Amino acid sequence: RTPPFAIKNVFRDSWNAMSLTGGGPKLVLEAFKNAFRVDSLRRADELGLSIGIDFVAEPGQYGNKMKSELDKANPDWRKPFTPLAVLWNFTGRIAKQSEVATRLAVYDRILAMTGDKSLAQYYAIEIMNYGRRGASATLSTYMATVPFMNGRLQGGDVIYRGLRSKKGSSDIPGIAGYGLTADQYEDLSMFEKSRGRILSRGLILTAATAALYFLLRDDEEWQDLRDETKSDNWVLPLSDHAWLKIPIPFEIGVLFKVIPEKILEAIME
């Protein structure tokens, strides 16, 4: 519920989506706008894009849930703790909007490009479909007990499906083949196909990471930073003793930033 978490959440999710479906910095900016728009949750609900991380249908709790929502909509200001409750609900709303912000940005982009609402909804959900758990009840139960475990596995699976994608497959998380026949898609060059575009965007991140590493590796203050800080962020110098930490996207960041950077460290150091 904290603002720093919401900001990192939007940045990482939108950067991941940008690498998989395209859109560039404009997609990231649009996701941030959605995170703070008043009607984002309403739009996400209407478009079927508001998917909970864990959903358990418990009939006995429906009445309590409805009462809770009514209390949020009509706070009783005569109660001493109402201001705290309103603040708590507001931070919860921002957290929810940070979850749907990137989905809305992807939906709007795919819809503008294709005019296909079903395709736009599919891509927007599939880019971060935390509801996918596979067929194993045992693994699903385990993932429900470990925070972020399912999100990380789902994110890795989306990248795998993107890099192995073929024309006509419902698994393509890029739209390079939209409107083309199978033969036309196969005639495209490697870097015009979905997997090639994902790979080329990832290699740009690798090149930028390598350049930053060579610029900073002799800086004593940079060397003193914790390893996990340098792995979780692109760290840029602002002034003496001050650093700007830009969070990396999760799976795309691990594949194209962390692993190449650690290989460089192993070679150079």
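Which residues line the largest cavity? I began with that, keeping in mind that this is a predicted model, where local features need pLDDT of at least 70, side-chain atom pairs count only at pLDDT 80 or more, and totals for chains, interfaces and linings use all residues. Residues are numbered from 1 along each chain as its sequence is written, and side-chain values use heavy atoms, with hydrogens and water left out.

**Entry 1: the cavity**

I found the lining to be Arg-12, Asp-13, Asn-16, Ile-127, Met-128, Tyr-130, Gly-151, Arg-152, Gln-154, Gly-155, Phe-250 and Glu-251. A cavity here is a set of points on a 1 Å grid over the protein atoms alone where a 1.4 Å probe fits but cannot get out, and lining residues have an atom within 4 Å of a point. I noted a volume of about 90 Å³ for this largest cavity, the volume being the space filled by probe spheres set on the points, which are joined across faces, edges and corners.

I then checked the helices (DSSP runs of H or I, at least four residues, numbered from the N terminus). At least two lining residues come from each of α1 (3-21), α8 (149-163) and α13 (250-268), and α8 gives the most, with 4 residues.

**Entry 2: Glu-126**

Next I looked up Glu-126, which sits in helix α6 (residues 117-126). Is Glu-126 buried or exposed? I count Glu-126 as buried because its relative accessibility is 11%, with buried meaning under 20% relative accessible area by a 1.4 Å probe, protein chains only.

Leaving out residues up to four places away in sequence, I saw Glu-126 touch Arg-132, Gln-154, Val-158 and Arg-161 (contact: heavy atoms within 4.5 Å). One of these, Gln-154, also lines the largest cavity.

Technical notes
On a 1 Å grid over the protein atoms alone, a cavity is a set of points where a 1.4 Å probe fits but cannot get out, and a pocket is an open set with protein on both sides within 12 Å along at least five of seven lines; lining residues have an atom within 4 Å of a point. Buried means under 20% relative accessible area, exposed over 50%, partly exposed in between (1.4 Å probe, protein chains only).
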